[in-house]
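Thanks for coming. Please look at the model as I go.

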Amino acid sequence: MRVLVVRLGAFGDILHTLPLAADLQAGGHDVDWLCEDRWSVLLTGSPALGLVHRLPRRLIRAPTPWPERLRALSSCLQALRQQHYEVVIDAQGLAKSAFFAAGSAATRRIGHAPPTAREGSWLVSRERVPTRRTHVIDQQRDLARALDLIPQGPPRFPLPHWFEAQQWATEQLERLDLEQPWMLNVGAGWPTKVWPATHQVALARELREQQVPLLLMWGTPGELAAAEAVRVQSGHGVVAPATTIAQLGALLARSQLLISGDTGPLHLAFALGTPAVGLFGPVPALRNGPYGPGFESLQAPAAPWERSDLSKVDMGAIGVLQVLAAARRCLESRMPVSLPPELGEGPGPGPASL
């Protein structure tokens with residue numbers, strides 16, 4: 001059947017839903033996707049997908065005048081209806097995604113059952129799929145059950161190939177004289193997801209002592225300043241050049257390991273198979289964290305889903321030696337090589353490690 005997946009954003013959420021598209025395509029269905037235009041790079045060219053419909057985010061948000069917004073919405077809905085989809089899957093479970101699911105005119109509308117679905121979105125879905133799975137990837141893959149597909153095996157992430165970005169990354173790492181560096185992502189979308197700067201500096205100093213090359217990643221002007229501060233205060237690391245998502249992916253594919261909070265680059269590393277240590281606070285690592293050989297997620301004490309109040313989240317409880325020990329285990333589980341015995345010495349992660 002012709003199936004439309006509606007998952008508008010964001011970065012990590014798109015990646016967490018991509019295994020659903022892989023399952024549908026493996027089951028013989030033709031799969032298209034609707035997302036916000038800024039995330040389409042994660043999907044366009046995927047071997048599991050056909051059309052990727054791009055919703056112009058700029059045109060549907062204030063302060064865009066209402067006539068322009070209505071024209072953009074109308075144009076998007078018209079493009080969806082022209083494809084005559086037999087099935088639409090609302091993989092987001094919010095009012096805005098339900099709007100486009102209903103507007104697609106697909107005969108079958110599938111979505112999450114509450115409480116996974118929110119904001120009344122389940123009222124639009126005629127077939128509501130309950131799930132008892134903990135991890136969000138498994139929750140998304142369960143949506144295929146409505147089409148008699150039982151998710152099998154580990155999740156697959158059919159990302160685009162990004163050939164130009166691969167060449168760019170090779171040239172950049174040669175220019176920076178970095179070969180298979182570790183990467184430290186200094187920021188995150190929520191302030192409560194960011195590992196303290198003092199810990200980042202201490203980690204960079206430890207890596208300097210062990211002569212481990214370090215690439216400091218950033219995504220906003222504020223994060224760029226934070227990355228520069230880590231480099232200066234630690235005397236180690238190279239601040240990465242500005243990157244597109246595709247270029248970020250190409251750098252990750254050429255790196256040994258990523259250390260990052262719960263944000264897009266961490267989930268992209270998981271999708272690419274690049275070993276990673278995820279640092280989690282307000283969002284449960286059991287729900288969102290990378291897992292399996294080469295990946296560890298460390299959990300700090302925090303009020304669940306707290307976005308901004310730093311007094312309710314203690315990301316500093318995740319220690320530097322704890323992170324280094326987790327990194328060592330990630331690399332040892334993936335590469336049959338000897339690591340310096342000093343790297344990661346100290347107390348293990350204890351109960352914070354999943």
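Strand S4 (87-90) and strand S5 (108-112) each give at least two residues to the lining of the second largest cavity. This is a predicted model, so please keep that in mind throughout. Of the elements, S4 is the one that gives the most to this lining, with three residues.

Here is the lining by name. Around the second largest cavity you find Val88, Ile89 and Asp90, then Ala101, then Arg109 and Ile110, and finally Val124 and Ser125. By class, five of the lining residues of the second largest cavity are nonpolar, one is polar and two are charged. The space inside the second largest cavity is about 30 Å³.

How many cavities of 30 Å³ or more are there? The count is two. That leaves the largest cavity, with a volume of about 40 Å³.

Which elements give two or more residues to the lining of the largest cavity? They are strand S7 (182-185) and strand S10 (257-261). The lining of the largest cavity runs through Leu184, Asn185, Val186 and Gly187, then Lys193, Val194 and Trp195, and Gln200.

As for classes, the lining of the largest cavity holds five nonpolar residues, five polar ones and one charged one. For the second largest cavity, to repeat, the classes are five nonpolar, one polar and two charged.

Key. Residues are numbered from 1 along each chain as its sequence is written. This is a predicted model: local features need pLDDT of at least 70, side-chain atom pairs count only at pLDDT 80 or more; totals for chains, interfaces and linings use all residues. Side-chain values use heavy atoms; hydrogens and water are left out. On a 1 Å grid over the protein atoms alone, a cavity is a set of points where a 1.4 Å probe fits but cannot get out, and a pocket is an open set with protein on both sides within 12 Å along at least five of seven lines; lining residues have an atom within 4 Å of a point. Grid points are joined across faces, edges and corners, and a volume is the space filled by probe spheres set on the points. Helices (H or I, at least four residues) and strands (E, at least two) are DSSP runs, numbered from the N terminus. Ala, Val, Leu, Ile, Met, Phe, Trp, Tyr, Cys and Pro count as nonpolar, Asp, Glu, Lys and Arg as charged, and the others, Gly among them, as polar.
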